Amino acid sequence: MSKPSPTARERIVAGAADMISRRGLNATSIREMAKHAKAPLGSTYHYFPDGKQQLATEAVRFTGAWVARSLRKELAAGPVAGLLAFLDLWRGIVVDTDFRAGCPVLAVSIEEPPVDETPAALLAAAEVFEEWEGLLAGSLREHGAEPEQAAQLATLVVAAVEGTVAMCRAKRSTEPLDRTAEQLRALIETAIGKR
C-alpha cells in the first residue's frame, strides 16, 4: 500500500521547515516559504491566516513530530541505538543539503524575539526540545540509568547534537558529529552500566 501524497497544507509546512532550517526565521518571508513549497501565496494565507508566526509554529511542530517518531522507533532498541539514529538523522540532513540546512527548531530558538513577547514558534520549540529530552530520558531510565542522571544526560544529548549540527554547517564537515557521537555513546553506556 502506497503512502498518500501530502496535502497542500502539509507541503507548505514541510517547505517552511526546510526554509527555516536553511535561512532562519527572520530571514525567511512567508512569500518565500510559499514559493519554496510550490504553493500559491493565497493558499498559504488560507491555511495560516495568522501569517508567518503561525506557519513557523507549525513547521517547528512538524519537525518535532518527525524527529520524535524516529526516536521512538529507534529507542525501542535502547538508548545507544536511539542516540545513533538521532545523530544519523542530522548527519543525513547536513550532508544531503551540502551543509546548507540544520534544525529548524534550533533556528527558531536562536532568533531574537520581539520585546515583551514570547512568540508561539519559540514556545513550540521549547516543547519539542522537552519531548526529545523526555523520550531519551525515558529510554535511559528503562535501561538502568538513575532518573536525575537520565534527565541530565538527555538534555546533554539534545544540546550537544543541536550544537554539533551548527558546527557541521560552519565547518562543512561531519567531523563534529563523529567526535560528539563517540563521547555521548560512552556517557550513555556508562549511565546504563554497559561500560
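At 4% relative accessibility, C103 is buried in this predicted model. C103 takes part in no disulfide. The nearest cysteine sulfur belongs to C168 and is 13 Å away. A disulfide requires two cysteine sulfur atoms within 2.5 Å. The sulfur of C168 has its closest cysteine sulfur in C103, and at 13 Å this is too far for a bond. C168 is itself buried, with a relative accessible area of 0%. The count of disulfides is therefore 0.

Helix α8 spans residues 147–171, and helix α9 spans residues 175–191. The axes of α8 and α9 come within 9 Å. They cross at roughly 170°. Angles over 145 degrees count as roughly antiparallel, so α8 runs roughly antiparallel to α9. On the α8 side, the contact involves Q149, L153, L156, V157, A160, V161, T164, M167, C168 and K171. On the α9 side, the contributing residues are P176, L177, T180, L184, L187, I188 and A191.

The loop between α8 and α9 contains R172. R172 has a positive phi of about 55°, although it is not a glycine. With 44% relative accessibility, R172 is partly exposed.

K38 likewise is not a glycine, and its phi is positive, at about 55°. K38 sits in the loop between α2 and α3. Helix α2 covers residues 30–36, while α3 covers residues 41–47. K38 is exposed, with a relative accessible area of 74%.

An unreviewed UniProt entry annotates residues 29–48 as "DNA-binding region". In the model, the span of residues 29–48 is 70% helix and 0% strand. The C-alpha atoms at the ends of this span lie 13 Å apart.

Aromatic side chains were examined next. The structure holds 3 aromatic pairs. One of them joins W90 and W132. The ring centres of W90 and W132 are 6.4 Å apart, and 55° separates the planes. This pair is tilted. W90 lies in helix α5, which covers residues 79–96. W132 lies in helix α7, which covers residues 120–142.

F129 and W132 are 3 residues apart in helix α7. About one helical turn separates them. F129 is buried, with a relative accessible area of 16%. W132 is buried at 0% relative accessibility.

How many residues belong to the aromatic cluster formed with F86? F86, W90, F129 and W132 form one aromatic cluster.

Definitions and conventions:
Residues numbered from 1 in each chain as written. Predicted model: local features only at pLDDT ≥ 70, side-chain atom pairs only at ≥ 80, totals over all residues. Heavy atoms only, no water. Buried < 20%, exposed > 50% of the residue type's maximum accessible area, 1.4 Å probe, protein only. UniProt positions renumbered as here; feature names shortened; annotations may be inferred. Helix = DSSP H or I, 4+ residues; strand = E, 2+ residues; numbered from the N terminus. Phe/Tyr/Trp six-rings, centres within 6.5 Å; stacked < 30°, edge-to-face > 60°. Axes fitted to C-alpha atoms, helices over the stretch in contact; angles between N-to-C directions. Parallel < 35°, antiparallel > 145°, perpendicular 65-115°, else oblique. Contact = heavy atoms within 4.5 Å.
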